[in-house]
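This briefing is for a reader who has not seen this structure before. Please look over the sequence and the model first.

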Amino acid sequence: MAYIQLEPLNEGFLSRISDVLLCGWTCRHCCQRCYESSCCQSSEDEVEILGPFPAQTPPWLIASRSNDKDGDSVHTASDVPLTPRTNSPDGRRSSSDTSKSTYSLTRRISSLDSRRPSSPLIDIKPIEFGVLSAKKEPIQPSVLRRAYTPDDYFRKFEPRLYSLDSNLDDVDSLTDEEIMSKYQLGMLHFSTQYDLLHNHLTVRVIEARDLPPPISHDGSRQDMAHSNPYVKICLLPDQKNSKQTGVKRKTQKPVFEERYTFEIPFLEAQRRTLLLTVVDFDKFSRHCVIGKVAVPLCEVDLVKGGHWWKALIPSSQNEVELGELLLSLNYLPSAGRLNVDIIRAKQLLQTDVSQGSDPFVKIQLVHGLKLVKTKKTSFLRGTIDPFYNESFSFKVPQEELENASLVFTVFGHNMKSSNDFIGRIVIGQYSSGPSESNHWRRMLNTHRTAVEQWHSLRSRAECDRVSPASLEVT
């Protein structure tokens, strides 16, 4: 594209407009727009403009035209006087004419550039939200509430309101006399000592006094004046390997004088908590917890030993556990035989005041809702931790295995009257709980392999509520 040398016009307002339109394009010297460049204002050289002319007039220039019309005469008088053009003999302009024209162009550009706004102005009206109606009511924005963080949430959370022992939160700050006067559950005398030579902890349960009279929840208790207390001992958090004293009949001041040992390393013993629970034996209903004493062993000198009188506090567990049963299941698909091993039980509910219990296990096969077969183990005298190691086999075709259920019921043998119910579980199609369902599922997935598992015994009412097979047996 060729460069064309143009001369600015000198006739009034039209001359200024033409010069500005020409000057809105790129300058040859600085490669910038002339009204943004300083080189064109200070240079005495001739300004050459590159075409073509712009197709449209800039908006900011149109807005200034009205101002230019009003002040045309004044502005012209203040500018540098225009001189007529005189051409040289060779047709070229003289240097003085060129300088005057360039100076006049730069002055006009600077004057218009000062009027040009630096940035566009936008008028933003407030936005109103709402349903269109005859009367517009501006809606004010609501105040944003501060979002809760997890720390704020748990700061407002009060665990004591959801704890079963919420009424015992202040026990640690009370003395034994204050606890005794507040709860009136009696006191327990016991001692502890650790044997470093044999690595075992000895707990001695000595006696109790001022125990409260018994409470009957179902009205079946006959003697409401005397209790039949005994003590269960365990090292928390392990409650499975617990010990139990004998039952003292009809007394509120029992004397036990019994010792129990726990095989446990010394460092591990210091991390445990000794839990002593006083329970009231009831032959015709569930045993009732009178109170408990919890002693962190890290707070006592185990090697030196010592004995204490401690006031009993209420327990969140009103009823004692019924015991546990260890079973083994094995299915042989080729023979269509379901083999059951009754291995042992522990911490069974005591059914006899003087001799503990004479427990045995009854196994009943239920197909659908029909009782098919019943078998039972021998009973062992005077124990709550019996070892059986007895095996039983039931014929169950493989196509009927999915509809089979095994009902295990532990009784205390009684020669004078009916046997005493201790606990029950159901394994199979109508299992009594998640643990039982898991045991049955593991057996189905591992044919020809014996699968052992411990199960916590449940009450008859609980099994009848969740398992239809429990309702079909006695």
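The notes below cover the chain as a whole, then one arginine, the salt bridges and the aromatic pairs.

This is a predicted model, in which local features need pLDDT of at least 70, side-chain atom pairs count only at pLDDT 80 or more, and totals for chains, interfaces and linings use all residues. Residues are numbered from 1 along each chain as its sequence is written, and side-chain values use heavy atoms, with hydrogens and water left out.

**The chain as a whole**

- The chain has 12 helices and 16 strands; helices (H or I, at least four residues) and strands (E, at least two) are DSSP runs, numbered from the N terminus.
- Of its 474 residues, 40% count as buried, where buried means under 20% relative accessible area, exposed means over 50%, and partly exposed lies in between (1.4 Å probe, protein chains only).
- Among contacts in the chain with a separation of 6 or more, 64% are between residues 24 or more positions apart; a contact means heavy atoms within 4.5 Å.
- The chain has an accessible surface of about 28400 Å², and carbon and sulfur atoms hold 53% of that surface. Accessible areas come from the Shrake-Rupley method with a 1.4 Å probe, and for residues only the protein chains shown count as cover.

**Arg 424**

- Arg 424 is part of strand E15, which covers residues 420-428.
- Arg 424 is buried but has no salt bridge, and the nearest side chain of opposite charge, that of Asp 464, is 4.0 Å away. For charge, Lys and Arg count as positive and Asp and Glu as negative, while His and the chain ends are not counted.
- Its side chain makes a polar contact with the side chain of Thr 409 at 2.9 Å, and another with the side chain of Ser 470 at 3.0 Å. A polar contact is a pair of N or O atoms within 3.5 Å; within protein, one must be able to donate a hydrogen and the other to accept it, and residues adjacent in sequence count only if both atoms are side-chain atoms.
- Leaving aside residues up to four places away in sequence, Arg 424 touches several residues, including Val 407, Phe 408, Leu 457, Arg 458, Cys 463 and Val 473.

**Salt bridges**

- Six salt bridges are found in a search of the whole structure; a salt bridge is a side-chain nitrogen of Lys or Arg within 4 Å of a carboxyl oxygen of Asp or Glu.
- Glu 257 and Arg 204 form a salt bridge between their side chains, at 3.0 Å from N to O. This pair links distant parts of the chain, with Glu 257 in strand E5 (residues 255-263) and Arg 204 in strand E2 (residues 200-209), 53 residues apart.
- Glu 257 is partly exposed at 43% relative accessibility, and Arg 204 is partly exposed at 24%.
- Glu 436 forms a salt bridge with Arg 458, with the closest N and O atoms 3.1 Å apart. Here too the pair links distant parts of the chain: Glu 436 is in helix H10 (residues 434-445), and Arg 458 is in the loop between strand E16 (451-456) and helix H11 (460-466), 22 residues apart.
- Glu 436 is buried at 1% relative accessibility, and Arg 458 is buried at 18%.
- Arg 458 also forms a salt bridge with Glu 462, where the closest N and O atoms are 2.9 Å apart. Glu 462 is partly exposed at 26% relative accessibility.

**Aromatic pairs**

- The search of the whole structure finds four aromatic pairs. Rings of Phe, Tyr and Trp (its six-membered ring) pair if their centres lie within 6.5 Å; planes under 30 degrees apart count as stacked, over 60 as edge-to-face and the rest as tilted.
- The rings of Phe 190 and Trp 308 have centres 5.8 Å apart and planes at 45°, so this pair is tilted. Phe 190 is in strand E1 (residues 187-195) and Trp 308 in strand E8 (residues 306-311), and the pair links distant parts of the chain, 118 residues apart.
- Phe 190 is buried at 0% relative accessibility, whereas Trp 308 is partly exposed at 24%.
- Phe 411 and Phe 421 form an edge-to-face pair, 6.0 Å centre to centre with 80° between the planes. Phe 411 lies in strand E14 (residues 404-412) and Phe 421 in strand E15, so the pair ties together parts that are 10 residues apart in sequence.
- Phe 411 is buried at 8% relative accessibility, whereas Phe 421 is partly exposed at 23%.
- Ring pairs link Phe 411 and Phe 421 with Phe 360 in a cluster.
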